[in-house]
Amino acid sequence: MSGTVPRIVIAGGGLAGLSLALALKRALAEGIDVAVYDPALKRDPHGDKRAYAIAAAARRMLQSLGVWGEVEPKAQPILDMIVTDSRLQDAVRPVFLTFAGDVTEGEPFAHMLAAGELTATLMEACKATGVTLRPEGVTGFKPGPAAIAVTTSGGAPLEAALLVAADGARSRLRELAGISWIFWPYKQSGIVATIAHERDHEGRAVEHFLPSGPFAILPLKHEATPGEALPYRSSIVWTERSDAVPDLLSLDGEDLLQELERRFGLQLGRIAFDTKPQAFPLAFGVARTFVADRLALLGDAAHLIHPIAGQGLNLGLHDVAALAETIVDAMRIGLDPGSADVLDGYERARRTEVTAMGAMTDGLNKLFSNDFLPVRLMRDLGLGLVDRMPGLKRFFIREAAGLAGREGPRLLRGETL
Ligand SMILES: Cc1cc2nc3c(=O)[nH]c(=O)nc-3n(C[C@H](O)[C@H](O)[C@H](O)COP(=O)(O)OP(=O)(O)OC[C@H]3O[C@@H](n4cnc5c(N)ncnc54)[C@H](O)[C@@H]3O)c2cc1C
């Protein structure tokens, strides 16, 4: 370690890893040495055109970390949301549920933002704060009583008080630590793309529940060029059976567009693909434990959920808030941030929410990716009832915003550490 200042090594410079690095460095400044290792740090992050729904609690954290102001002009607030339930061939898609989008006056429950924009802003903020960014992979580690020895693809081994594995769902570090992974594939893939369209989305998100899975249309911010025929943009998450995806994506342009139109509908006028559709196989995964000897799992390395509710990254950002708070509070009273007691605090803070969110998204997917008539009738009755109960709707909106009931970590409340 560098002198007496504890070092934290983060393996993985995705949105979770970079946010944690920034949170620690902002809170402890010269009192901590933070290094992020990831071969992908070589790439230009702007190349990642995927867009995510950032829920209000995570947005509050990004604001506390001083990065929200930078990305806000590129973020599209979700102003309302409608949910429909129908078969593909149905001429009309009845609306079963509508939500107005504010959690507090003027604060939308979520914003849509391009992943590349947020990554680039976090990388700049990390550099400006003194986080070390290394475009190398972590290849191994060996925990000892006072430190963990970390090997990287780039050079001499280094010592750290704690190694954070933020290396994604296929985490090699989780495997090396011997942490088992409860996993099942969904036999579904999420096709994501940006769609250009003729009419304004007015900040509305739409979720069509179709028998092969949910089809989400999520509004994006876009600076139209004068005279642009399709001046608006939305992001889609199109869930399909995995075995149907290769044939679907090999359709030629017009045929694929027709398949898209059958699902997207015509409410936004003419449409076209603005980015090439990309398919991601969907699965559920959760680590048996989130911590090991001088090691903590973060983000998708700890849990992988169905994107039905757009909560995967948000769950990872909640990990960031909890782990940063645990480490900072421990270090302020002189505790070792890699000690078992400190790491147990993180595990306790996260286990319940992760399990609940995993079960909720898994249950929703089973309930809605289903064409069995009695199940359809029951769920439509349920949606209709929720629609008539403002109190329950408010609860769901606060849940989706990550703000329901519980006293969460300070960063998620918009406070500083
Ligand atoms: C179709 C789809 C739609 C989604 N929509 C949403 C949404 O709207 N809202 C939302 O909240 N979530 C959404 N998600 C989930 C979201 O994409 C993930 O939860 C999130 O990107 C995970 O971030 P992460 O930083 O934990 O991991 P990753 O983004 O996977 O980052 C891991 C990083 O670790 C690096 N790495 C790997 N191995 C090593 C190593 N040995 N050493 C160093 N670095 C390493 C990789 O290069 C990578 O950069 C969606 C997911 C899918 C599939």
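**Overall architecture and ligand shell**

The chain comprises 11 helices and 23 strands, where helices (H or I, at least four residues) and strands (E, at least two) are DSSP runs numbered from the N terminus. The model is predicted: local features need pLDDT of at least 70, side-chain atom pairs count only at pLDDT 80 or more, and totals for chains, interfaces and linings use all residues. Residues are numbered from 1 along each chain as its sequence is written.

The radius of gyration, taken over C-alpha atoms, is 22 Å, which agrees with the value near 22 Å for a compact globule of 417 residues; the globule rule is 2.2 Å times the number of residues to the power 0.38. The C-alpha trace spans about 70 × 45 × 45 Å along its principal axes. Of the 417 residues, 47% count as buried (20 or more other C-beta atoms within 10 Å of the residue's own, with C-beta atoms placed from the backbone).

Strand S20 (residues 278-287) runs antiparallel to S15, to which nine bridges join it, Pro185 being partnered with Ala283 in S20. S20 also pairs with S23 (residues 303-304) in the antiparallel sense over two bridges, and the bridge partner of Gly285 in S23 is Leu304. Pairing requires that DSSP find at least two bridges between two strands.

Around the ligand lie 32 residues, of which Gly14, Gly168, Gly190, Gly299 and Gly312 come nearest; a residue is near a molecule if its C-beta atom, placed from the backbone, lies within 6 Å of it. Helix H1 (15-28), strand S3 (51-55), strand S15 (181-197) and helix H8 (312-332) each supply at least two residues of this shell, the largest share, four residues, coming from H8.

Key: Buried ≥ 20, exposed ≤ 12 C-beta atoms within 10 Å, placed from the backbone.
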